Amino acid sequence: MSSTLGASESSILLKQGAESKIHAVTFLGLPTVVKERFPKTYRHPALDASLTRERMKAELRAIAKCRQIGVRVPVIYFVDEQKSSIYMEHIQNSNTVRDFIQKVQAGSGDAQRLLVPLMAKVGAIIGTLHSNNLIHGDLTTSNMLLLEPAADANIILIDFGLSYVEASAEDKGVDLYVLERAFLSTHPNSEELFAHIISAYQEANKKGLREVMSKFEEVRLRGRKRSMVG
Ligand SMILES: Nc1ncnc2c1ncn2[C@@H]1O[C@H](COP(=O)(O)OP(=O)(O)O)[C@@H](O)[C@H]1O
Ligand SMILES: [Mg+2]
């Protein structure tokens with residue numbers, strides 16, 4: 001980062017994604033993460049600027065909504081509109097759920113016993129989102145941070161740039177399908193674990209559940225047909 005408003009000189013690049021950079025800084029004395037969405041050169045500059053802006057706004061809106069409905073998210077400290085950067089609480093002493101699952105599955109312990117309560121928590125969180133008509137838009141195990149100690153299953157949801165408010169069963173079904181695809185490709189042979197997410201989801205989101213589940217089945221079938229056609 002060129003200059004970081006109000007932050008200490010030392011800024012450590014934590015992650016570099018396709019659309020954003022994540023830096024760790026100290027801001028007003030607090031451990032902070034700066035998520036900066038940078039321009040994509042292959043997009044038309046004006047279109048790019050408005051997309052970047054929309055994603056940042058979507059992220060801020062969803063984080064505010066999550067706080068209202070009791071879903072844990074990082075605290076927002078500051079927004080730099082000029083740079084499309086969000087300064088937020090650095091969730092320290094955490095792993096992504098992705099890394100945690102991979103670590104447990106690679107180990108010698110009873111992976112199911114360790115992971116099932118965690119999957120139940122993941123399902124409950126998504127159920128809470130959907131019962132409040134909040135669609136995440138990019139549900140993956142990399143977008144869930146798990147606080148230490150892992151046994152407490154305290155999860156913090158992040159990366160809301162594609163999120164929006166929508167009551168329809170279709171959008172909720174697609175949100176679940178996006179997670180299923182990401183989950184099974186990141187964690188192969190984990191259908192059983194994924195099923196625990198879905199059952200906890202069903203407990204937490206009774207509103208229009210039948211319709212959501214049938215849409216989920218429908219998009220799954222469409223997905224399968226597509227992959228058979230190639
Ligand atoms: N507030 C945070 N505290 C700790 N780590 C974070 C935080 N926000 C993001 N990260 C880390 O950076 C990664 C990318 O952030 P994310 O918001 O998911 O951006 P992207 O759109 O690039 O995926 C996350 O998977 C996580 O490892
Ligand atoms: Mg992400």
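Which protein donors does the magnesium ion (ligand 2) have? In this predicted model, local features need pLDDT of at least 70, side-chain atom pairs count only at pLDDT 80 or more, and totals for chains, interfaces and linings use all residues. Residues are numbered from 1 along each chain as its sequence is written, chains are lettered from A and ligands numbered from 1 in the order in which they are written, and side-chain values use heavy atoms, with hydrogens and water left out.

**View 1. The magnesium site.** The protein donors of the magnesium ion (ligand 2) are Asn-143, through OD1, and Asp-159, through OD, lying 2.1 Å from it. Asn-143 sits in the loop between strand 7 (134-135) and strand 8 (144-147), and Asp-159 in the loop between strand 9 (155-157) and strand 10 (164-165), so the pair ties together parts that are 16 residues apart in sequence. Donors here are N, O and S atoms within 2.8 Å of the metal (3.2 Å for Na, K and Ca); water is not among the atoms, so sites may look incomplete. Strands are DSSP runs of E, at least two residues, and helices are runs of H or I, at least four, numbered from the N terminus. Asn-143 is buried at 6% relative accessibility, while Asp-159 is partly exposed at 22%. Buried means under 20% relative accessible area, exposed over 50%, and partly exposed in between (1.4 Å probe, protein chains only).

View 2. Rings of Phe, Tyr and Trp (its six-membered ring) pair if their centres lie within 6.5 Å; planes under 30 degrees apart count as stacked, over 60 as edge-to-face and the rest as tilted. The count comes to four aromatic pairs. One of them, Phe-27 with Phe-78, is tilted: 5.7 Å centre to centre, with 35° between the planes. Phe-27 is buried at 5%, whereas Phe-78 is partly exposed at 27%.

**View 3. Phe-183 and Phe-194.** These two rings have their centres 5.6 Å apart and their planes at 55°, so the pair is tilted. Phe-183 belongs to helix 4 (residues 169-186) and Phe-194 to helix 5 (residues 191-204), so parts eleven residues apart in sequence are tied together. Phe-183 is buried at 1%, and Phe-194 is buried at 3%.

**View 4. Helix 3 and what follows.** The buried residues of helix 3 include Leu-115, Met-119, Val-122 and Ile-126. After helix 3 comes Asn-133, with a positive phi near 60°.
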